[in-house]
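Take a look at the fold below.

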Amino acid sequence: VNRDEFKKRIEASISQEYKVEFLGKNFEQIVSFLTETKAEKIYKWIKEIVERKIEPISIGSKKVYKEWEVNELLTFRYPFSIGKTEYRILFVKVKNSVYIEFHLGDHKYYDKVRKDLDLKKSNY
């Protein structure tokens, strides 16, 4: 899958002025490994988030993440694998506002982001 097309499809799905940050260690490489089928499943997942069909992970933490308190953020999680490698997407939104980040990475990267978002100690 082409990285730029992948980003454009996601941005088109959420249709907002605010620019979503696409983050992740090896983001481009992981996207290049995606089959069209896996990418379509991710686009469908994004669409369902926008349509509010998927429940987010929300945390009552006052910890600050960038310019927001974690309790002001909603996080959506999407696990998938390519071959024998597990990957995770964390899609982050400010409550009642804009989507701010799209994280894509392996489990080690995912654990780091979970810790930053104060999700690591929670059970969901």
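Phe102 has a relative accessibility of 0%, so this residue counts as buried, the cut-off being under 20%. The model is a predicted one. Phe102 sits in strand β7, which covers residues 99-106.

What surrounds Phe102? Setting aside neighbours within four places in sequence, its contacts include Phe6, Ile10, Val20 and Glu21. Phe22, Leu23, Phe27, Ile42 and Ile46 are also among them. Leu23 and Phe102 are 79 residues apart in sequence, yet their C-alpha atoms are 6.0 Å apart in space.

Now widen the view to the core. The largest nonpolar core holds 26 residues. Phe102 is one of five that touch the most other members, along with Phe6, Ile42, Phe80 and Phe91. At least two core residues come from each of α1 (3-14), α2 (27-33), α3 (36-50), β5, β6 and β7. Helix α3 gives the most, with six residues. In soluble globular proteins, nonpolar side chains tend to be buried together.

Next, follow the strands. How much of β6 is buried? Eight of the 10 residues in β6 (residues 85-94) are buried, leaving the strand mostly covered. In a regular strand the side chains alternate between the two faces of the sheet.

With β5 (residues 73-82), β6 pairs in the antiparallel sense over 10 bridges. Ile82 stands opposite Thr85 of β6. The hairpin of β5 and β6 has two residues between the strands, and Gly83 there takes a positive phi near 65°.

The pairing of β6 with β7 is likewise antiparallel, over seven bridges. Here Lys93 stands opposite Tyr99 in β7. These two strands also form a hairpin, with four residues between them. In that turn, Asn96 has a positive phi of about 55°.

That leads back to the starting point.

Terms used. Residues are numbered from 1 along each chain as its sequence is written. This is a predicted model: local features need pLDDT of at least 70, side-chain atom pairs count only at pLDDT 80 or more; totals for chains, interfaces and linings use all residues. Side-chain values use heavy atoms; hydrogens and water are left out. Buried means under 20% relative accessible area, exposed over 50%, partly exposed in between (1.4 Å probe, protein chains only). Two strands pair if DSSP finds at least two bridges between them. Contact means heavy atoms within 4.5 Å. A nonpolar core is a set of buried Ala, Val, Leu, Ile, Met, Phe, Trp, Tyr and Cys residues joined through side-chain atoms within 4.5 Å.
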